[in-house]
Amino acid sequence: MDVKCDSDEAVRTRAACYCFSEFSDADFLLWDMDTFVKNKLHEWGLSKWIPNFEDEEINEQSFYLLDDGLIHQLIPKGGPRMIFKGKLKLLKETQNPPSNQEVVAAPPPEDKSMTPPPSFLEMVDSPPSATQTPPTPQEMLYSPPPVPSTSDRDDTGKRLLDPKEETPRKRQCVISPDSFSESVIRAGVRHTIDFVTEKLQNKDNTRLNAFLKDKIKDLMTEKRELVGVFGKTGAGKSSLINAVIEEKELLPSGDVDACTSVMIKLEANMDTPRYEAHIEFITPEEWKDELWSMENVLDEHDDDYSATKEKISALYEQDWKEISNGMDNKYFKEIPEFLQSRKKIIKCDSAKELAAKCVKYTRNDSNVEKCKELKRQYWPLVKCVTLRVPGNDLLQHVTIVDLPGTGDRNKSRDKMWKEIVGNCSTVWIVTETTRATAEKEPWEILENASSLMGNGGECQHIHFICTKSDQINDSDFKSRDEVRNRVLERNEKAKHGVMKQFSKENEIKKHFSDDSFKVFTVSSKEFLKNKYLERDETEIPQLQNFLKDLNDSHSETLNYVSGARGILSLIQGTRCMEVAGKKAEVYKELEEKMRDELDKVKKSVEEAHSAFESHLAEGVEESLRLCDKTMKSILEPPRTKGSSFHKILKYVVQNNGAYKSKKGKPKNLNEKLSSHLTDSIDAEFKKTFPNESNSGPFKNVIKEFSLNTETLIQKYDDVKLQLTFLKTEEDKLKLQLHKIVRDRKKKIYSSLTDTIEANMKTCYDEAKEICGPGSLLKMREIILTHVHGTRNTMFEMAKKNMLTQLDALKGEILKKLEETLMESIELALKTDSDSFPDVSGELNIVTKYYTHLEGRPEERPGPSN
């Protein structure tokens, strides 16, 4: 009998728990119905109110039929009640309830001893009609198991028992796995694991039981990719993002007088159907520091003076010289969250409404008249704004970040900027098609951030996006086809020019290969109107497909189901008491294999250590040889007046060596001093820690690590369950190690500059105290004296610190591999317990879904983690 429930995802999720398996006992059915409501309340942070729902016997079906009166009774507190109503509304909009027919009074029940109520799967086959009352959980508890077909029933539809049977036979559900989406499969497996967890709660708190509970907690993972978007004002960033996520009015665009002044993150809101803005401010202490810097460091001749004046005018609506107390509460009445160091949240029903309310927090508008209309603006105080878009699938596992090009003078904003850029798996560089090769700024942005994205980050893809590709004088052409051909011809020329320019960018190519760099020529306008170009020719769909690939949760679902299968295999394997001899043999083989594999890992990491040690030795020599020249270029820059440089140097020492200018390239004295060290290892670092998804660190040694469990399964079939668990543990651990190495390699790479900065802090602190006549010369002298006195140890210390961190990473990798896997091996092969529940049915379900997912071809060859 086929179960047809394609139109009802909730029922499909529930049915997914039982596919390809015989029902074990009726308690499973009762548990499933009871926990739907509990799970939702847990998920929505409303666990406190579960007893009220139990008292009223609210089950899954009645859950969807709750009215305002009963909701008020169930959740008497206003705040939680509003949360519940919003979540319930979204749930109803995103999936149909199990049965949307009106429930009316049922006729008097028949004698239950003669006619049992329908079982769960019979309900799925034939949902209750409008004149039927759904069975209660108690009725379902005692309902007989379903049967293979209707051919063994009498004319009344009652089950005919085989004379040899004392009870009806159990049957298999024959739902095809293809009828379930991955989200449904994952939900079904999660329900199965939750059920098993409840069974484990009743067992003694043994080492194995605690181990299993920890493994279940570690199952849940969430994949989130960061896409960073760079581009100068007017390049079409906002229009591009709006078009790609198909939200025309979310980010304001088209105004040449305004620019985005803060980082803006875009994420999906999968909780409520409203648009939200979460505004994070800098701290009041940081704003005090900025006010001090404005008053004591800048003057009218500085590059950043006009930018600073704009900040003050935006926030205080007057010149900073007229402000007696910039921290007076009267300036922050509209944003008490700033003084309280907490987020401000704005919620709206439309993207347009949210955009209008967010302008004062995100945009620097240089149009004086518009500034007057906006009154006080708060973007100078904002650290980051996160816009949450309801139900946007492209943003479900992806965060798009609209980024300033070179960080920020504010320390916390600059720190966040660096973290985000370093965590981006993809970067979009946006410029106009007509200026793609001639414009210097996009290439400077890419060059300045390349080490942070490449060896110091995890960027796998750079997309150079040429916007406004449709902008052409169409009056010179007679037909639509002529315009189209001209646009496409120019687009190809632009792509060729950009690739040619990329081949010349040696600093960028130190971190990125040709394969990681792609060029797109897009038209947001044509994507919406299709006046001259077909939709695909605007290349917006290609970017959307790329985001879909990033969002693809196939690998995450497969990893989750695989982990669940491993846990169930271990539980079932502990019940096998009669294969102790085989387990001992397997244990010995695995122990020997573990030693061999650990030796391979150790050898590969030590080879990398030796290579880095050799390259860094050359870097130390080069740093010492060129130290005087480097210091001269920093402290006596050409074509810079003394008075102007005095302000810059004052700012540099105040910020421990860093200087961020609104115009020109950022300066960092520490990075300049460490540049010969980083140059010496760049090539080796890229080879040792590749960002490409098809390569692994340390010459793939972690990726290729294997206990050879699949071969052992063929040899020791009696211990198959335990070996299956160990295989899933090995796979999961290698993924964890990949993420650990990815994060640690960023710190290892930056350790060279960090060590220099720590060494230089002494002279920065001393130079901060200098003021009055001749202070420029005194600051220079303090810095030069410190460098000359410490350079023989400073560069060597940077080398030593990086190698020490590399050694620490080696130790962590080896320890995690050995301790984690040996604990798993010991518990799997040296522990028996017949007190654990029989989970053979659940294991059968999950195994079939794992096999199905493992063999399911992905729709697109997308990027992986």
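Is Ser425 buried or exposed, and what is its relative accessibility? At 4% relative accessibility, Ser425 counts as buried, where buried means under 20% relative accessible area, exposed means over 50%, and partly exposed lies in between (1.4 Å probe, protein chains only). The model is predicted: local features need pLDDT of at least 70, side-chain atom pairs count only at pLDDT 80 or more, and totals for chains, interfaces and linings use all residues. Residues are numbered from 1 along each chain as its sequence is written, and side-chain values use heavy atoms, with hydrogens and water left out.

**Overall make-up**

- The protein has 32 helices and 13 strands, these being DSSP runs numbered from the N terminus (helices: H or I, at least four residues; strands: E, at least two).
- Of its 865 residues, 52% count as buried, and the accessible surface comes to about 41,600 Å², of which 48% belongs to carbon and sulfur atoms; accessible areas come from the Shrake-Rupley method with a 1.4 Å probe, and for residues only the protein chains shown count as cover.
- Among contacts with a separation of 6 or more, 80% are accounted for by residues 24 or more positions apart, a contact meaning heavy atoms within 4.5 Å.

**Surroundings of Ser425**

- Ser425 is placed in the loop between helix H17 (411-423) and strand S9 (426-432).
- Neighbours within four places in sequence aside, Ser425 is in contact with Glu225, Leu226, Glu458, Cys459, Gln460, His461 and Leu550.

**Salt bridges**

- The whole structure holds 44 salt bridges, each defined as a side-chain nitrogen of Lys or Arg within 4 Å of a carboxyl oxygen of Asp or Glu.
- One of them joins the side chains of Arg535 and Glu246 (3.7 Å, N to O); because Arg535 lies in the loop between helix H21 (524-529) and helix H22 (540-551), and Glu246 in the loop between helix H11 (237-245) and strand S2 (258-260), the pair ties together parts that are 289 residues apart in sequence.
- Arg535 is partly exposed, with a relative accessible area of 38%, and Glu246 is also partly exposed, at 48% relative accessibility.
- Glu439 and Arg435 form a salt bridge in which the closest N and O atoms are 2.6 Å apart; Glu439 counts as buried at 12% relative accessibility, whereas Arg435 counts as partly exposed at 38%.
- In the salt bridge between Lys734 and Glu730, the closest N and O atoms are 3.6 Å apart, and the two residues, four apart in helix H30 (residues 720-768), are separated by about one helical turn.
- Lys734 counts as buried at 16% relative accessibility, and Glu730 counts as buried at 2%.
- Elsewhere, salt bridges that share partners join Lys87, Asp271, Glu276 and Arg388 into one network.

**Helix H18**

- Helix H18 (residues 441-453) has 13 residues and, at 1.5 Å a residue, should span 18 Å, which agrees with the 17 Å between its end C-alpha atoms; the expected span is 1.5 Å times one less than the number of residues.
- H18 has a kink of about 30° centred on Glu447, the bend at a residue being the angle between axes fitted to the seven residues ending there and the seven starting there.
- Buried residues in H18 include Pro442, Trp443, Ile445, Leu446, Ala449, Ser450 and Met453.

**Annotated region**

- An unreviewed UniProt entry annotates residues 584-611 as "coiled-coil region"; UniProt positions are given in the numbering used here, feature names are shortened, and annotations may be inferred rather than shown by experiment.
- In the model, residues 584-611 are 100% helix and 0% strand, with their end C-alpha atoms 41 Å apart.
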